[in-house]
Amino acid sequence: MTKELTYDVVIVGLGPAGSSLAYFLRKSGLEVAGIEMNGPEGAWGKPCGDAIGKHHFDETGLPYPTGESLKQKIDGIDIVSPYGGVKLRVNGEGFIIDRNKYGLTLINESAKGDVDIYMRTRVTSPKLEGGRLVGVYAKGENGEDLLFKGKIIVDATGNSGLLRRQLPTSWPVNEPLDPKDANIAYREIRELNYTVEEPSYLKIYVNQEISPGGYWWYFPEGKESANIGLGVQGGMGYPTPNTIFKQRLEKLDEVKNYRKVINAAGSKVPTRRPANTLVWDNFIGIGDNGYTVNPVHGGGMGYAMVAAYYASKSIIKAFTENDFSAKALWDLNINYIKSIGRRQASLDIFRIFLQRLSNDDIEYGLKHGVMNADQVYETSVSGELKANLGLLDKVSIALRMLGRPSLLPKLATVAAYMKRVQQLYDAYPTSPEGLDTWVSAINALYSEYKSRIGVA
């Protein structure tokens, strides 16, 4: 017999997106259920680089990691060219966190408020009545059959999209992920047998031979351990990242010189523009499930926090108005796009270009100052690759690129399309009625762009 539990909001998945949303709703006065398939020891279990920019905490009001939740404060990132000839230092504050401990902090604080937490509870499917989403079926910790009913159901189950992919295909939120718009990642946290010289600076290595279509990283967790991993573009037939790790990274001194592996794991990460819509009637999808991830470096925790922050605002507004339709929840799309989504889309255009470059192109461009550290930072923050250069700037760049003349027109093309996609996101529809027309325009822009730069 199925036990029925009724709430205002049901959050499925308590990773960065779900637990952040639970935290934001903990004092809302709403009855909220937070459901997580893992036990406390597996909270925020998805493996990644564990780095989050400080600005995400400042924007959302989430507490900074402290104590055991904080492994290392970050002062910046070094971007290293394929052959090691160039290192760009991009300054910016952030944190390396202990994912499990920080996640439990948010979950435990949520439980002190209006949120009932259900750990080791596995959601299996959505429940639809009369073409409307009304709840989710689940298996409880002790094997009991459960039905969680709610006016708003939130899918924060990560890239699996557990609920989203089981919704009717006519619903715009059921938007499949192209394998080429994802990275397959693998990382190991290692205790080192040497001392890290600058633990507050992360290192990202751009090398198409080691990590095709992605990059590999070296993120210190203090002076004696590091999170080391790589991501490769999906859908291209490349070797698995754990195979590449063992065959290529293990040859490097900073990787092979270690005492023991503390943890090893892999995952799939969406690396594209945000989903066409994060909401539909009675439904919200955020985090990796809503493709709220930085397309260039695959960082998803901060983007998930931002999406959760604006989701909480839309949810509270919906209950104030007693309207849980897609139109009532549409503010989440608008606010996320204004805050970070338009930049994410622009960086997606840049990501597609970067994946087409050879190691020689990347090395040459960085070595000859086509982009300096300030420009890298500006592009990552604004999502804009400056296209309106003065004549002297154009001549200067052209002279620097004499050895790679084909790169200059490509850069101009990329910059133009980055601007165009931002303009389309600035014209995002104000209600669901305009979504189909807007999606057609976005798809046409992407098809045109890929044709221009030779992407199949």
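Trp44, Phe57, Tyr64, Phe95 and Tyr102 form one aromatic cluster. The model is predicted, local features need pLDDT of at least 70, side-chain atom pairs count only at pLDDT 80 or more, and totals for chains, interfaces and linings use all residues. Residues are numbered from 1 along each chain as its sequence is written, and side-chain values use heavy atoms, with hydrogens and water left out.

**Exercise 1.** State how many aromatic pairs there are, and classify the pair Phe57 and Phe95.

*Solution.* 
Step 1. Rings of Phe, Tyr and Trp (its six-membered ring) pair if their centres lie within 6.5 Å; planes under 30 degrees apart count as stacked, over 60 as edge-to-face and the rest as tilted.
Step 2. This rule gives 21 aromatic pairs.
Step 3. The ring centres of Phe57 and Phe95 are 5.4 Å apart and the planes stand at 90°, so this pair is edge-to-face.
Step 4. Phe57 belongs to helix 2 and Phe95 to strand 6, so the pair ties together parts 38 residues apart in sequence. Helices (H or I, at least four residues) and strands (E, at least two) are DSSP runs, numbered from the N terminus.
Step 5. Buried means under 20% relative accessible area, exposed over 50%, partly exposed in between (1.4 Å probe, protein chains only). Phe57, with a relative accessible area of 1%, is buried, and Phe95 counts as buried at 6%.

**Exercise 2.** Classify the pair Tyr205 and Trp216.

*Solution.* 
Step 1. The centres of the Tyr205 and Trp216 rings are 4.0 Å apart and their planes lie at 10°, so the pair is stacked.
Step 2. Tyr205 is in strand 13 (residues 201-205) and Trp216 in strand 14 (residues 215-220), 11 residues apart.
Step 3. Tyr205 is buried at 13% relative accessibility, and Trp216 is buried at 2%.

**Exercise 3.** Find which residues of helix 3 are buried and what they pack against.

*Solution.* 
Step 1. Helix 3 covers residues 99-111, which is 13 residues.
Step 2. Its buried residues are Arg99, Tyr102, Gly103, Leu104, Leu106, Ile107 and Ser110.
Step 3. An α-helix has 3.6 residues a turn, so residues three or four places apart point the same way.
Step 4. The buried residues of helix 3 pack against helix 1 (16-25), helix 2 (54-60), strand 6 (87-97), strand 7 (115-118) and helix 6 (301-321). Packing here rests on contact, meaning heavy atoms within 4.5 Å.

Conventions: The expected span of a helix is 1.5 Å times one less than its number of residues.
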